[in-house]
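Me: Got a model here. Can you walk me through its salt bridges and one of its sheets?

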Amino acid sequence: MRMPPSDAPPTPGQGFRPKARRPRGLEDRRGPALARERAAIEAISKVYEKWGFEALETPALEYADALGKFLPDQDRPNEGVFAFADDDEQWLSLRYDLTAPLARFVAENYDALPKPYRRWAAGPVWRNEKPGPGRYRQFWQCDADTVGSASPAADAEMIAMACEALEAAGVAPGRYRMRFSHRKLLDGLLAAVEIEPGREAEIRMRVLRAIDKYDRLGIDGVGALLRQGRRDESGDFTAGAGLTEVSAKLVEKFVTGVSGEPTEVLRTLTNLVGGTQQGDAALNDIENIFEVLGSRVLIPHSCHIETSVVRGLEYYTGAVFEAELIAKGSDGKHVSFGSIGGGGRYDDLVARFRGERVPATGFSIGVSRLVAALEAAEGVEAANGPVVILSLEADRMADYFAMAAELRNAGVRAEVYLGAGKFGPQLKYADKRNAPLAIIQGSNEREKSPPVVMIKDLKLGAEMSKSIADNEEWRKGRPAQIEAPRSDLVATVKRMLAGKTK
């Protein structure tokens, strides 16, 4: 007997056995969830293409200094991103969104691109952030951006196109709100706020981040972040902006006190921030956006100006917008399922590479979050699996595979059962696969003249079983089961899948 070499790997069950565990903030997803996400991406991308946007794919990895957003002054630039040093000692990072890579691409190919450059993209992004309910470290986005236009009409187009894309992805009109605002409104407000000299940029960013958490934390949580800070349920403390009481109350009023019809909102905002350079510029942009959106009858049905919308990313410079999924609760009131997309104007991002301002605006739909929110809001029936052909006789596998091939050639998903088991376990397998139909042909069916197949409607059978009293009644009635000539297999299956019994 030949002995294995001394350095042979241990046999299964011996030696080191790693624990099967999934990293925090990441998901395993099976066929039905992937199919829903894929369908949403396809629907959204068709809208982007229809509006004249060109597809672009950029790498998952970028040089860390090109991403720009999360680069603290420390040896390892990994705050917010997953980063590692390459063999040439340059830091690489997984992209945290699809916009920063776009800015790099535009800067690198600036002279060859048409201006404005209109592109759409879809792909996974990664964020090295604390995971939580609905917050994942890897998720899919589907973006559209216009680079090279400073016109507010480009922002309005983004809002209108995003509304159409969301509806194409399955969000019914009236089930979402497109909320938008303008970063310079807050700049105008902050001009009237007392800020410690030398800390203007830091305080401004803390105020922006505080307002951005309004939907999640409410005005009390925002108020704490505007003042000294807030400790969350886990005990983590977030330092506040340190505003005075007077200044904090002014910002709170800005966040909560601006709503209503467009004319009324603009009047209120003019009283709050009008007369400042930043405030007047913002009001002018908003009026132009309203004018363009009005031509699509989107106001006030889907689009609303809300000053609490600031967007968390640092690079936004002008108009900002956010889509929120809503549903009616049991009390008849609207319930928010949170943000499912957002974007805005970012005129300084390409300038990091070129040293000159290049205007840009865009919108990103969080596809993974959108699909999860739709499931939570509406309940999504599991997608059908393939038609399953039971393998009742080991020596007839060629016949079963021929049936599967005929169905596939006709555009029907189909598979042959390849596990071990008799009739009952095979049907249980078909149920677990969420198969709509099971195809049965044993010796009794094959030896008829002409040969037949039994086609079992598993969905209808499950429904009918609820009203059948006992197993004997079930066996006698053989509900939801059709006998068809073997030669009519494909036609019968297609009729049954279409909901027709004859």
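This is a predicted model: local features need pLDDT of at least 70, side-chain atom pairs count only at pLDDT 80 or more; totals for chains, interfaces and linings use all residues.

Reply: First, a definition. Buried means under 20% relative accessible area, exposed over 50%, and partly exposed in between (1.4 Å probe, protein chains only). By that scale Glu 233 is exposed, with a relative accessible area of 75%.

Me: How many salt bridges does the structure hold?

Reply: The structure holds 29. A salt bridge here is a side-chain nitrogen of Lys or Arg within 4 Å of a carboxyl oxygen of Asp or Glu.

Me: What does Glu 233 meet in a salt bridge?

Reply: The side chain of Arg 230, at 3.9 Å, N to O.

Me: And which residue does Arg 179 bridge to?

Reply: Glu 306, with the closest N and O atoms 2.8 Å apart. That pair links distant parts of the chain, 127 residues apart. Arg 179 is in strand β7 (residues 176–182), and Glu 306 is in the loop between β10 (303–305) and β11 (319–328). Helices (H or I, at least four residues) and strands (E, at least two) are DSSP runs, numbered from the N terminus.

Me: Are Arg 179 and Glu 306 buried or exposed?

Reply: Both Arg 179 and Glu 306 are buried. Take Glu 356 and Arg 354 next: their side chains meet in a salt bridge at 2.8 Å, N to O. Glu 356 is partly exposed at 38% relative accessible area, and Arg 354 is partly exposed at 31%.

Me: Which residues are linked in a network?

Reply: Asp 155, Arg 345, Asp 347, Asp 348 and Arg 357, through salt bridges.

Me: New topic. In what order do the strands of the open sheet run?

Reply: The order of the 5 strands is β15-β14-β16-β17-β18, with mixed pairing. β15 (414–416) and β18 (481–485) stand at the edges with a single partner strand each, so one side of each has no neighbour in the sheet. Two strands pair if DSSP finds at least two bridges between them.

Me: How are β16 and β17 joined?

Reply: By 4 bridges, and they run antiparallel: β16 is residues 437–440, β17 is 452–457. Leu 437 stands opposite Asp 457 in β17.

Conventions: Residues are numbered from 1 along each chain as its sequence is written. Side-chain values use heavy atoms; hydrogens and water are left out.
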